[in-house]
Amino acid sequence: MIREGSFGPAEAVILLAISNIARFFLPYPRSLAEIGGTAAWLTLPGGLVIALAGVYVMSVILNKYPDKTIIEITEEVFGPVLGTVFNLVTFSFFLAVGALFTREFAEAMIITALPETPVSVVTVAFLAMGLAGAYLGIEALARTSRLSYLYVLGGIALLLLAMVPQCDLDNLFPLLGRGPLQIFGNGSLSTAAVTEIILAAVLVQAMGGAGKFRSIGFRAMLIAYGLGVALMVTLSMTVHYQSLAEFTLPFYTLARQIYLGRFFQRVEAVFVIIWSVAGALKIALTLYGATVSLTRLLKLPDYRPLLWPLGLVMFIISLLPPDMPASGRLDLIILRPFALIPNYLIPVLVLVFYWLRGRSRRAGS
Amino acid sequence: MPAVRILVLSLLTLMAVLTAGGCWGSRETDEVAYILSIGLDRGEQDRFLVTISIANPQNIAGAGAGGAVEGGLGSSVIMSVESSAVIPSLNLFDTSVARQLSLLHTKAYIISEELAREGLHDLLLSLIRYRELRGTALVLVSRGSARDFIEKNKLLLELSPTKQFELIRKLTGNHGLYASTLFQHFYNDLKSLSVEGSTPLVAIREGGRGTAGPASGDGGGHVLGDYEAGEVPITGGNPAQIIGNAVFRGDRMVGVIGGEEARYLLMLQGKFRWGNLVVADPLAAGPAVVSLVVKQAHSPKIRTEIDPEGNVAIDVDIYLEPEIIGIMSGIDYETEENKAVLEETVSFEIQRGCQELIRRTQEEFRSDIIGFGKKVKHHFWTLSAWEEFRWLEHYPEAEVNVTVHSRIRRTGLQLKTMPYRGG
């Protein structure tokens, strides 16, 4: 039995919400502008609906096995072979997210603040924070996020308020941007590609059990997507969608535009610190998720011995993309579609198999 | 054990400080030279003539002579080099400056009219990507050489050229004689299909008062600020002038509007804040004028319609609140009847000016610098439909009607004008 510690629903909600919004500090918003044009922000409500459905499906599964996490449930439903394959998919997903986010956050730091520092050094710094967080455990991470959320959310609120003088409502027109198919098809599928549903299902026991999963998941998604919509609306109102689609780090660019008189400008350094906090939390969480899912898969008593080797693997994978544009492309082309498998496809398959097995049992009896 | 733990923690902290603190890229402030403004002209040997004004911190901090001195001891040092690209040219400057040049505090990009007329897309594309460039810097177009403007721009009241550009950005709110444009907004406008760009116009006034260009407002006229940069008949002081705007179609400059038209531009855009205005006295027999300070009450109401043939009709309502600050004729404009006459005169004059500006943008420039397209696109649901409509091609044929509503709310420190009795 892994000792994970425990924390309350408030910590869980904040932890998952911060983890979810970390993607907005990276090049991700520019891809939404490319998909949706002036309606980039409209890709998020569709994604929210899908994410809420995902949370609901996952909560139904978890409620069938109240003492287990999704890793044990998958193995039980599909059997040891297929179950292990599916669990390895989940494990690989966490590892991929962690590695790619580490690289992207490291590149973001180099572009914004540390232009002459080698990428390996920045990556090591981020991974060191991630390792320390994961080593201390999910309870420590949850409580840290509860302590830091005021700064993260406060920073975002400050940014949005500071941009109000530069907002132009006309920039949101035409309202349907690149068209409903693009927005509610490609766009919503992209924004629904999250890490937090499967992560919460792996951490469900530490979060207070299956009974609280649905409420925690719903609240976390509503907060994260609400913030995402606010950020994307502000970005779209401030920057022309064509320019937005060009920027490497749209959120940073937005912070650089703050100008509230001669004495209140150049405040982007504050935001670099804020998203470093969010980045470190995200990396720690994915590393923890990868380690714990592998530990449960291998039925080991403790996850900590696996942290160091997996941290090293994550470090090596993070350095594999040759450059920043390649990391961005991998995020969009591989990681986003990949995220749909452990978060939505496998849970649906679990549910279908569970239902079919129950039906055949009833037919047999 | 606690001692070992403290040692390990201390080493970890030290490592974090050393590695994450940016030691690789650290630069002491006295190792860096900050470029305050960049001038861009067409080069003779190479593509660009890049002129930079570098802050001279010794003289800014102390009591040095204000203004720019070429290679000298003013608050800034001016240097020029010819290069095929702007940012890489900084390395060429480094060959004669001991410090590393930085654009982190660059407040203005001054582009010569010649270069602006050839197109700026290539130039801006190569600038916007650079991490040190700030989108909050001003973009100015210089009549004549940008190098001349930077060299002859004498700071008389400020020690720092940075402050001059910061104030230029802000000062338009006090008179509206140019529409201020930031780099990020100009770049956005270049990408937009609903609005074209415009930038403030700067120039050096050559000669004295007599050489200034003619203004349409003569001694008894009603126009204030109908000048372009370099033509305002001021003697003494800084010869650098900023008034009027350069008009762009796409990335090319296609014309110029004067200071008065810049005010109409701002009123139509809803960005006019405050400014002094002169109108011909409607009730006086002679060439008297009434001086007013005008502020825009709120954003204009813009209604647009598109008929099935694709013809666009635009109705604009502008709301102004003038305050009387001077009546030469001594006529009592505080009375209800006379006030209404004056309001009507103000509305008429501004309406006429706005219509004339719109006519010029449609017929002469064929460029929607006002941004009516931002409202017209509300009629479209998707970007593909909007792009197919090709607004910027429709704009010259659009029917635009402007109505100005003026309401004199205050009459300054006098509530009544008593008759002049002589001797």
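**Figure 1. Crossing of helices α12(A) and α13(A) in the predicted model.** In this predicted model, α12(A) passes α13(A) in a right-handed crossing. Helix α12 of chain A covers residues 268-298, and its axis lies 10 Å from that of α13(A), at an angle of about 125°. That angle makes the α12(A) and α13(A) pair oblique. On the α12(A) side the contact is formed by L287(A), A290(A), T291(A), L294(A) and T295(A). Their partners in α13(A) are L306(A), L307(A), L310(A), G311(A) and M314(A). Sorted by class, the residues of this contact between α12(A) and α13(A) are seven nonpolar and three polar, with no charged residue.

**Figure 2. Packing of helix α5(A) against helix α13(A).** Helix α5 of chain A spans residues 119-136 and helix α13 of chain A spans residues 304-318. Their axes come within 10 Å and cross at roughly 155°. Because angles over 145 degrees count as roughly antiparallel, α5(A) and α13(A) are described as roughly antiparallel to each other. The crossing of α5(A) with α13(A) is right-handed. From α5(A), the residues T123(A), L127(A), L131(A), A134(A) and Y135(A) take part. The contact of α5(A) with α13(A) comprises seven nonpolar, three polar and one charged residues.

**Figure 3. Helices α3(A) and α9(A) side by side.** Helix α3 of chain A (residues 43-64) packs with helix α9 of chain A (residues 210-238) at an angle of about 170°, and their axes are 9 Å apart. α3(A) is thus roughly antiparallel to α9(A). The residues that α3(A) brings to the contact are L44(A), P45(A), G47(A), L48(A), A51(A), L52(A), V55(A), Y56(A), M58(A), S59(A), L62(A) and N63(A). Those from α9(A) are A210(A), F213(A), R214(A), G217(A), F218(A), M221(A), Y225(A), G228(A), V229(A) and M232(A). By class, 16 nonpolar, five polar and one charged residues make up the contact of α3(A) with α9(A).

Figure 4. I273(A) belongs to helix α12 of chain A. With 11 other C-beta atoms within 10 Å, I273(A) is classed as exposed, because the limit for that class is 12 or fewer.

**Figure 5. Side of chain B that touches chain A.** In the predicted model, 27 residues of chain B are in contact with 27 residues of chain A. Four helices of chain B each supply at least two residues of this side: α1 (2-20), α8 (183-191), α11 (373-376) and α12 (383-389). The residues on the chain B side comprise nine nonpolar, eleven polar and seven charged.

**Figure 6. Chain A as the setting for the helix views.** The secondary structure of chain A consists of 14 helices and zero strands. Chain A has a radius of gyration of 20 Å, close to the 21 Å given by the globule rule for 365 residues, so chain A is as compact as a globular protein of that length. Along the principal axes, its C-alpha atoms fill a box of roughly 75 × 45 × 40 Å. Of the 365 residues in chain A, 55% are buried. Among contacts in chain A between residues at least 6 apart in sequence, 83% join residues at least 24 apart.

Methods
Residues numbered from 1 in each chain as written. Chains lettered and ligands numbered in written order. Predicted model: local features only at pLDDT ≥ 70, side-chain atom pairs only at ≥ 80, totals over all residues. Axes fitted to C-alpha atoms, helices over the stretch in contact; angles between N-to-C directions. Parallel < 35°, antiparallel > 145°, perpendicular 65-115°, else oblique. Contact = placed C-beta atoms within 7 Å. Nonpolar A, V, L, I, M, F, W, Y, C, P; charged D, E, K, R; others polar. Left-handed = near helix turned anticlockwise from the far one by under 90°. Rg over C-alpha atoms; globule rule 2.2 N^0.38 Å. Buried ≥ 20, exposed ≤ 12 C-beta atoms within 10 Å, placed from the backbone.
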